[in-house]
Amino acid sequence: MKTMTLLSLGILGLTLFGSCKRSYTCKCKYEEAHEDHTHDEYTTYPLGELFRRQAIRKCDDKQEALSSNPEYSQVNCYL
């Protein structure tokens, strides 16, 4: 019984430490349209200290915001 309790506590501890906050950066690549041509743009956005799921959500929000600009196409953002 003690072994089961210790094992459960160990797994819980690893889960908590495995999901800690880290500093993330969202990197975005997109094409910017000009009057007669397009060119590739690369932008990075520091997201700060977040859990991974929060960082993914914020990076997705950046992609959505860039995609809403009619001058930008083929927007792709990732951590």
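A nonpolar core is here a set of buried Ala, Val, Leu, Ile, Met, Phe, Trp, Tyr and Cys residues joined through side-chain atoms within 4.5 Å, where buried means under 20% relative accessible area with a 1.4 Å probe and protein chains only. The model is predicted, so local features need pLDDT of at least 70 and side-chain atom pairs count only at pLDDT 80 or more, while totals for chains, interfaces and linings use all residues. Residues are numbered from 1 along each chain as its sequence is written, and side-chain values use heavy atoms, with hydrogens and water left out.

**Core**
- The largest nonpolar core has 12 residues, namely Tyr24, Cys26, Cys28, Tyr30, Leu47, Leu50, Ala55, Cys59, Leu66, Tyr72, Val75 and Cys77.
- At least two residues of this core come from each of strand 1 (22-33), strand 2 (38-50), helix 2 (52-67) and strand 3 (72-78), these being DSSP runs numbered from the N terminus (helices H or I, at least four residues; strands E, at least two).
- Strand 1 contributes the most, with 4 residues.

**Strand pairing**
- Strand 1 pairs with strand 2 in the antiparallel sense over 12 bridges, pairing requiring at least two DSSP bridges, and a hairpin of 4 residues joins these strands.
- Cysteine 26 stands opposite tyrosine 45 of strand 2.
- Strand 1 also pairs with strand 3, antiparallel over 5 bridges, and glutamate 32 has tyrosine 72 in strand 3 as its bridge partner.

**Contacts**
- Beyond four places in sequence, cysteine 28 touches Glu41, Tyr42, Thr43, Tyr45, Leu66, Asn76 and Cys77, contact meaning heavy atoms within 4.5 Å.
- Threonine 43 lies in strand 2 and, beyond its neighbours within four places in sequence, contacts Cys26, Lys27, Cys28 and Tyr30.

Notes:
Buried < 20%, exposed > 50% of the residue type's maximum accessible area, 1.4 Å probe, protein only.
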